[in-house]
Amino acid sequence: MGFLADRIRSAALVSALAVALPAAASADPMRIAFGDIATIETLGLLIALERAKEQGVKIEATFLKSEDIAAQAVVSGQADIGIGGPYALLQKVKAPIRIFLQLSELQMYPVVNTEFYQDWADLNGQEIAVHSRGSGTEAIMQMMADKHGIEYSGIAYVPGAEVRTGALLQGNVKATIVDSSGKRVLEAEAPDRFAFLPLAGVEATDEAMFANTDYLAENPEDVGKLVEAIVTTWREIAADPTVVTKLREQYNLLPDATPEMLADIEPYYAGMKDALPLNGGGEQAARSDFAFYTASGALEGKPEDLKVEDFWDLTILNSVLGRIGTQ
Amino acid sequence: MSVMSQDVKVVAPAATTRQALRLFAERRRSFWVVLSLLVLFTAWEIAGRVPISFAFPTFLDTLAALAEMVADGSMVRAFFLTLQPLVLGVAISALLGIALGIVMGLSDRMEWLLAPVFIVLQAAPMAALVPLVTFVYGIGLVAKTLAVIMLALPVIVLNSYKAVRHVNPSLVDMCRSFQGTRRQQIFKIIIPDAAPVLFAGLRLGVAAGFIGVMLAELLITPTGIGDLITYHRSVANYAHMYAAVASIIAASTVTLAVLQWFETNVMRPEKRRS
């Protein structure tokens, strides 16, 4: 019984600490919650974090299973900064959280098996596969259908771009949407069998950084150093994608990466070049996100009625851009 | 004086209502069930209003979300999809599991051959194994049904096997004294006497099947109730997400309660409370 009481007492102490922690967080390391495991796609960000550390920012990175969990960690104060696209959360849950930096734009490629279809018009009345209900991939396919005046007979949900790529190659799926790695695989494995359909006017945030407003107000210097490190690293990668391999070796990041993963770094960043926001997104990114995510159903209301300040905190980004200039 | 008489008037009916309430509580077990749910839901409502987390909806919001999803038909569609692998998996597990369990109960060799496999399967953390199913069986109905079977089958097999092993030996001896054949012994004595425990195993198997189908829908591909949970979580409709979770818990509880009622009233009338 005494043992149990001790356990309860220590549990109560821990939870009391957890409540008290966010207020006293300034002396602690900056806790960043990733929404995915570290892969070569995270390398750019990992390099930027190393550079922020060189500037004296203490950083503690955690890799979580999904973006939702990263967002919950920030909401509950167990992480200071989260990575993901929490627009729906920001609108529906009145949590004091704001996005302060765009990390990447959606890079997706609608693709069809040329044996059956050639262009958007051929998809009228056909079944397509996308990532999941309410996802960005579904929004893109739906927006393009509206634009071309066609209607799909059905939408299958197949999570994971690599799964959809495999299904295309096996012939189980005839029309879908894949990411840049999937595109490279398809181009390498069967260049004649698949056609990528044109995509115009779709600009939206894939990943962004967000934090509690209190945290942003209390730690403007550390967050500023982080933002500066990321934006300057992005500019460096956009200018020369091969720099990622060199910097990986310099900082000894992802030491367990296999040779296949390493071989993928250069083509991945060469493809990402245009999707890296060189000025951290800001108001312009917020506006195009409003248009995109209201169309996808993640956000409610009309895009023009949404206010940037309800979703973004631009103070730190603007002061950093004032210092290093825009490109 | 007038105050006193008023007091008396107020107290007298209160005493009788209290008495009536006590009488009712003593007679009806359902009173305590309702009270326990009432306490739970009130605590939920208070926790949601505090709120303990920005993402924690109140009980009333969740109820409203549930009503909305029932009204627009999405809940019915979701249950239709979720019940397919569940019913299929539980049916296969029940037939196969009871057959295997009885064979293992009757034959030592079959016991040595099969029991270790099912004991290991029952001890294995299935949530870790479910994703492996997709490597062989893909992401369709087969994979999900298999996930249900993986959870339900070991429970049913091991309970059926124990049911047959614990058949009253005097009944078996009696059958032998009356020169009953082996076939008569199995079908007229062993299986009827094992039936209540067989059924209890089946009930546990159904409970495991519910766990299996939710693991499949959350880990393989989101369909049915798993899709409602995943989708509403991704768009931050937390009341809807909690309503979907609560609905599957309610469905499982009601199913098990019905099976338990059937078990105590039909299979084991001697266990019924008078």
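The model is predicted: local features need pLDDT of at least 70, side-chain atom pairs count only at pLDDT 80 or more, and totals for chains, interfaces and linings use all residues. Residues are numbered from 1 along each chain as its sequence is written, while chains are lettered from A and ligands numbered from 1 in the order in which they are written.

**Chain A overall**

Chain A holds 13 helices and 10 strands. Helices (H or I, at least four residues) and strands (E, at least two) are DSSP runs, numbered from the N terminus. The C-alpha trace of chain A spans about 70 × 50 × 45 Å along its principal axes. A compact globule of 327 residues would have a radius of gyration near 20 Å, and the 21 Å of chain A agrees with that. That radius is taken over C-alpha atoms, and the globule rule is 2.2 Å times the number of residues to the power 0.38.

Of the 327 residues of chain A, 42% count as buried. Buried means 20 or more other C-beta atoms within 10 Å of a residue's own, exposed means 12 or fewer, and partly exposed lies in between; C-beta atoms are placed from the backbone. Among contacts in chain A between residues at least 6 apart in sequence, 80% join residues at least 24 apart. Two residues are in contact if their C-beta atoms, placed from the backbone, lie within 7 Å.

**Helix packing**

Two helix pairs are set out below. Axes are lines fitted to C-alpha atoms, for helices over the stretch in contact, and angles run from 0 to 180 degrees between N-to-C directions.

| Pair | Axes come within | Crossing angle |
|---|---|---|
| Helix 2 (residues 43-54) and helix 9 (residues 220-239) of chain A | 8 Å | roughly 130° |
| Helix 4 (residues 74-106) and helix 9 (residues 182-219) of chain B | 8 Å | roughly 145° |

Helix 2 and helix 9 of chain A are therefore oblique to each other. Angles under 35 degrees count as roughly parallel, over 145 as roughly antiparallel, 65 to 115 as roughly perpendicular and the rest as oblique. The crossing of helix 2 and helix 9 of chain A is right-handed. The residues of this contact divide into eight nonpolar, two polar and two charged. Ala, Val, Leu, Ile, Met, Phe, Trp, Tyr, Cys and Pro count as nonpolar, Asp, Glu, Lys and Arg as charged, and the others, Gly among them, as polar.

In chain B, helix 4 also passes helix 9 in a right-handed crossing. A crossing is right-handed if the near helix is turned clockwise from the far one by less than a right angle, and left-handed if anticlockwise.

**Backbone details**

A:Asn252 sits in the loop between helix 10 (243-251) and helix 11 (259-272) of chain A. Its phi is positive, near 55°. A:Asn252 is exposed, with 8 other C-beta atoms within 10 Å. A:Leu254 lies in the loop between helix 10 and helix 11 too, with a positive phi of about 45°. A:Leu254 is partly exposed, with 17 other C-beta atoms within 10 Å.

In chain B, the peptide bond from B:Val50 to B:Pro51 is cis, with omega near -15°. B:Pro51 falls in the loop between helix 2 (30-49) and helix 3 (59-71) of chain B.

**Contact between the chains**

The contact takes 17 residues from chain A and 14 residues from chain B. On the chain B side, helix 10 (residues 224-234) gives the most, with five residues.
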